[in-house]
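This briefing walks through a single structure, topic by topic. Please keep the sequence and the coordinates at hand while reading.

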Amino acid sequence: MADGAVDHPFRPVTPTRRSGKPVSIPRFLWIAWREPLNMWSERHFAEPILFGRSALGYAINVSDPAGIRYVLLENAKNYDKGELQRRVLGPMLADGLLLVEGDDWKRARRIMAPLFTPARTATSAARMREVCEARVSHWLDGRTAGIINIDREMTGLTFEIISATMFSDMLGGEAAQFERALTGFLDTAARIDPLDVLDAPRWLPRLGQIAGGGMARFFETRVAQLVRDRRALIDGGAPAPDDLLSALITAQDVDGGGALSEREVAANILTFILAGHETTARTLGWTLHLLSHDLAAQQRVQAEADVFDLADPNWAEAMPWTRAVIEESMRLFPPAPSLTRRARADDVICGQAIPAGTAVLITPYVVHRHKLLWDDPDAFKPERFLQGNREKIDRFAYIPFSQGPRICIGAAFAMQEAMIALAEVVKRYRVDPPGEAEPMPSHRITLRARHGIRLRVTKR
Ligand code: HEM
């Protein structure tokens, strides 16, 4: 047994998997709309690739690490993100870094990369900690124990961190409004609409977009205001805060690509708010849920948190269990559960010929629980990610942040933030299950808990 392993690891509940029998297209689309996690059958978790043709066109599911490496890295130029992702995320984000392609993407990534270097990321650690401390220390308001809505708290916390570090607090105080709008957006507009999959004309109103329209307007208005305020500050001659917002507004691309357009600035603000806080919030929620069911792991993380000291430049290396627990949590509950690509030209993936236009699905949720890649895939075993074991994991079998040129620009920022936030929580509190039904994962662009995550929190 590996160092730190326990005899009876916790196995969180998982949605039932289809048997693999073919289903009709209307039924499949209904499943995709209701709960995309139910699209995966036992075969998906057992086969390296699955290729097929339906009335909707060709599709290949790639879970073989060599195939994932090929699509995301070696021949990445043949795979773009395709229309579906743009449609699901809607016009608000279409011109942001997450969704643009080709030269527009190269230019935007070049402009934003300096904000995410390891040195730059490290400078935000102290501010992250301050925000965590201020928020988490008030959880129980003098009580010694209580039930906390962890998902809501984590959304508020990561929103405040992104607001403090990327927008110099210009969004401060609006976490609750943003959270409401974002949850509404993810629950309604940002869904896989059968009409989109069928490529129905744009003038046909989509169910979710009707419901999500109000939320979209809230974001648009608020972001326009944010840009106006910052521009006024810069134009007035005040020193512009050295943050993402200023970088977006004042960007002059060194390679001559020019500045970002108004649309690009707005789309990137929303992209960073959405990509930069929702994913980390879900990571923290699932991690605390898992720890509430594994007291031994919780105690190891507490022991590290008790001596956590940001003044030590090697603080992160001194917290191997904290990192391992977060990594294992993102294996079981990848915050971005699926990556979709479209083949631009005919190609061959893992020996399978695919025609141009094939939809390529790389699904971290499936890959991370794949029977050929993991021992006891559905069990929570953080020791997989401790030194000695971690090195044996294929870089393309564990892809919470994706890989290749489109790898998450905020991966290091997110890991730093998650480690600091987790330490600040477990240093103060013990977490236990609240005595309710266990949270069930649900794919809403990010991997959320269907009814949220609540935990019993006790002052240590
Ligand atoms: C645990 C937290 C996070 C996870 C799991 C995560 C995951 C991912 C994944 C899987 C992608 C690739 C998507 C694709 O190729 O289809 C991505 C891209 C991206 N992420 Fe993250 N992310 C996290 C946190 C963050 C943070 C904190 C930021 C910003 C502050 C951020 C900003 C972005 C952006 C802008 C992209 C697009 C990059 C590009 O295409 O060049 N993410 N993220």
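This is a predicted model: local features need pLDDT of at least 70, side-chain atom pairs count only at pLDDT 80 or more; totals for chains, interfaces and linings use all residues.

The largest nonpolar core holds 106 residues, and the members that touch the most others within this core are Val71, Leu270 and Leu422. The helix α12 gives the most to this core, contributing 15 residues.

**Core and its contacts**

- Once the neighbours within four places in sequence are set aside, valine 71 is in contact with Val62, Tyr79, Arg341, Ile349, Val360 and Ile362.
- As general background, nonpolar side chains tend to be buried together in soluble globular proteins.

**The helix α12**

- Of the 31 residues that make up α12, 29 are buried, so this helix is largely enclosed by the rest of the structure.
- At 1.5 Å a residue, α12 with its 31 residues should span 45 Å, and this agrees with its end C-alpha atoms, which are 45 Å apart.

**Surroundings of the ligand**

- The ligand is surrounded by 22 residues, of which Gly276, Thr279, Cys408, Gly410 and Ala414 are the closest.
- Two or more residues of the shell around the ligand come from each of the elements α12 (262-292) and α16 (411-428).
- By residue class, the shell around the ligand divides into 13 nonpolar, 7 polar and 2 charged residues.

**The five-stranded sheet**

- An open sheet is formed by 5 strands in the order β1-β2-β8-β5-β3, and the pairing within this sheet is mixed.
- The edge strands, each of which pairs on one side only, are β1 (49-54) and β3 (79-80).
- The strand β3 is joined by 2 bridges to β5 (residues 339-343), and these two strands run antiparallel; aspartate 80 has arginine 342 in β5 as its bridge partner.
- In general terms, strands of a sheet pair through backbone hydrogen bonds, in either a parallel or an antiparallel manner.

**The hairpin of β10 and β11**

- The strands β10 (residues 441-444) and β11 (residues 446-449) run antiparallel and are joined by 4 bridges, with histidine 443 having leucine 447 in β11 as its bridge partner.
- Together β10 and β11 form a hairpin with 1 residue between them, and isoleucine 445 in the turn has a positive phi of about 65°.

Key. Residues are numbered from 1 along each chain as its sequence is written. A residue is near a molecule or strand if its C-beta atom, placed from the backbone, lies within 6 Å of it. Ala, Val, Leu, Ile, Met, Phe, Trp, Tyr, Cys and Pro count as nonpolar, Asp, Glu, Lys and Arg as charged, and the others, Gly among them, as polar. Two strands pair if DSSP finds at least two bridges between them. A nonpolar core is a set of buried Ala, Val, Leu, Ile, Met, Phe, Trp, Tyr and Cys residues joined through C-beta atoms within 7 Å. A residue is buried if 20 or more other C-beta atoms lie within 10 Å of its own, exposed if 12 or fewer, and partly exposed in between; C-beta atoms are placed from the backbone. Two residues are in contact if their C-beta atoms, placed from the backbone, lie within 7 Å. The expected span of a helix is 1.5 Å times one less than its number of residues.
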